[in-house]
Amino acid sequence: MLNLLKRHWMLAALISAAVLMVLFAAVIPRKPSAGIDHARYPAIEKFGGIAERHDTVDVPDPEKHYQVIFDVVSGSDDPRAINPGLMRVARAVNVFAEAGVPLEHLDFVAIIHGDATRSVVTSSVYDEWFSVDNPNEPLVHALTEAGVKVRVCGQVLNHWKIADSEVNNEIGITPSALSTLAIYGNKGYAYERL
């Protein structure tokens with residue numbers, strides 16, 4: 001009988017502790033969700049939104065020209081999500097445009113390889129793989145319209161068995177990301193890994 005009472009007492013204590021944990025979890029303040037209220041899109045509409053800032057240092061000079069090679073290697077786990085590296089390229093364009101740098105002064109190149117590779121295929125191929133259109137196609141179009149050269153590594157296409165005809169026609173195919181990075185590095189481009 002004593003053992004039975006002990007068991008009920010322990011069970012009641014466990015249930016009470018669980019209820020208290022749920023109640024405390026409900027009232028503990030949470031970190032605000034990530035995102036920008038009232039994002040601005042000075043050059044690339046809908047992609048790479050930026051926050052307006054007036055208290056910053058290292059603001060781009062509108063009189064200078066900027067050369068950057070973006071090494072886009074990360075993908076998203078969700079096939080419905082836009083590639084975060086390509087979104088950051090759009091954000092870079094918007095940051096420079098917000099500072100008054102004309103798009104003609106930006107010589108930006110995005111070389112895609114690694115886990116980011118699925119971003120480059122046409123929507124019809126993407127739909128075969130994931131039953132959804134490629135969410136990156138509109139972003140790639142917007143980037144190219146803003147003057148960004150978007151490229152994909154030919155070696156990774158062979159590795160993934162992606163035919164050249166299955167690549168979005170706004171994306172150039174290079175022999176290798178390694179050679180593309182070396183070529184632009186030799187031209188003095190700043191390097192950003194995304």
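Colleague: Let's start with Ser176: does that count as buried or exposed?
Modeller: Ser176 counts as buried, at 13% relative accessibility. Keep in mind that this is a predicted model.

Colleague: Where is Ser176 in the chain?
Modeller: Ser176 lies in the loop between strand 4 and helix 6, which covers residues 177-186.

Colleague: And what does Ser176 touch?
Modeller: Leaving out residues up to four places away in sequence, Ser176 touches Cys153, Gly154 and Gln155.

Colleague: Let me step back a bit. How many helices and strands does the protein chain have?
Modeller: There are six helices and five strands. Along the sequence they follow the pattern α-β-α-β-α-α-β-α-β-α-β.

Colleague: What share of the residues is buried?
Modeller: Buried residues make up 38% of the 194 residues in the protein chain.

Colleague: OK, helix packing next. At what angle do helix 2 and helix 4 pack?
Modeller: The angle is about 30°, and the axes are 10 Å apart. Helix 2 is residues 84-98 and helix 4 is residues 137-145.

Colleague: Why would you call helix 2 and helix 4 roughly parallel?
Modeller: Angles under 35 degrees count as roughly parallel, and helix 2 and helix 4 pack at about 30°. Helix 2 and helix 4 are therefore roughly parallel to each other. Their crossing is left-handed.

Colleague: Which residues meet there?
Modeller: From helix 2 you have Leu86, Met87, Val89 and Ala90, and they meet Leu139, Val140 and Leu143 of helix 4. By class, that contact has seven nonpolar residues, with no polar and no charged ones.

Colleague: Nice. Changing topic, where is Ser119?
Modeller: Ser119 is in the loop between strand 2 (106-112) and helix 3 (123-130).

Colleague: Is Ser119 buried or exposed?
Modeller: Ser119 is buried, with a relative accessible area of 5%.

Colleague: What does Ser119 touch, then?
Modeller: Not counting residues up to four places away in sequence, Ser119 touches Asn83, Leu86, Asn134 and Asn136. As for the side chain of Ser119, one of its polar atoms lies 2.9 Å from the backbone oxygen of Ala116.

Colleague: Let's look at the backbone. What is phi of Ser131?
Modeller: Phi of Ser131 is near 60°, a positive value in a residue other than glycine. Most residues other than glycine have a negative phi. Ser131 is in the loop between helix 3 and helix 4, and it is exposed, with a relative accessible area of 63%.

Colleague: And what about phi of Lys161?
Modeller: Lys161 has a positive phi of about 60°, although it is not a glycine. Lys161 is placed in the loop between helix 5 (154-160) and strand 4 (172-174). With a relative accessible area of 73%, Lys161 is exposed.

Colleague: Let's move to the loop between helix 1 and strand 1. How exposed is His38?
Modeller: His38 is found in that loop, between helix 1 and strand 1. Its relative accessible area is 76%, so His38 is exposed. The C-alpha atoms of His38 and Ala51 are separated by 7.4 Å, and the two residues are 13 apart along the chain.

Colleague: What about Asp61, where is that one?
Modeller: Asp61 is also in the loop between helix 1 (2-27) and strand 1 (66-72). Asp61 is partly exposed, with a relative accessible area of 30%. Apart from neighbours within four places in sequence, Asp61 is in contact with Tyr66 and Val101. From Asp61 to Phe96, 35 residues along the chain, the C-alpha atoms are separated by 8.6 Å.

Colleague: Last one: what is Gln67 in contact with?
Modeller: Setting aside neighbours within four places in sequence, Gln67 is in contact with Asp107, Lys187, Gly188, Tyr189 and Ala190. Gln67 is found in strand 1 and is partly exposed, with a relative accessible area of 35%. Gln67 and Leu106 are 39 residues apart in sequence, and 6.3 Å apart in space from C-alpha to C-alpha.

Colleague: Great, thanks for going through it with me!

Key
Residues are numbered from 1 along each chain as its sequence is written. This is a predicted model: local features need pLDDT of at least 70, side-chain atom pairs count only at pLDDT 80 or more; totals for chains, interfaces and linings use all residues. Side-chain values use heavy atoms; hydrogens and water are left out. Axes are lines fitted to C-alpha atoms, for helices over the stretch in contact, and angles run from 0 to 180 degrees between N-to-C directions. Helices (H or I, at least four residues) and strands (E, at least two) are DSSP runs, numbered from the N terminus. Angles under 35 degrees count as roughly parallel, over 145 as roughly antiparallel, 65 to 115 as roughly perpendicular and the rest as oblique. A crossing is left-handed if the near helix is turned anticlockwise from the far one by less than a right angle, and right-handed if clockwise. Contact means heavy atoms within 4.5 Å. Ala, Val, Leu, Ile, Met, Phe, Trp, Tyr, Cys and Pro count as nonpolar, Asp, Glu, Lys and Arg as charged, and the others, Gly among them, as polar. Buried means under 20% relative accessible area, exposed over 50%, partly exposed in between (1.4 Å probe, protein chains only). A polar contact is a pair of N or O atoms within 3.5 Å; within protein, one must be able to donate a hydrogen and the other to accept it, and residues adjacent in sequence count only if both atoms are side-chain atoms.
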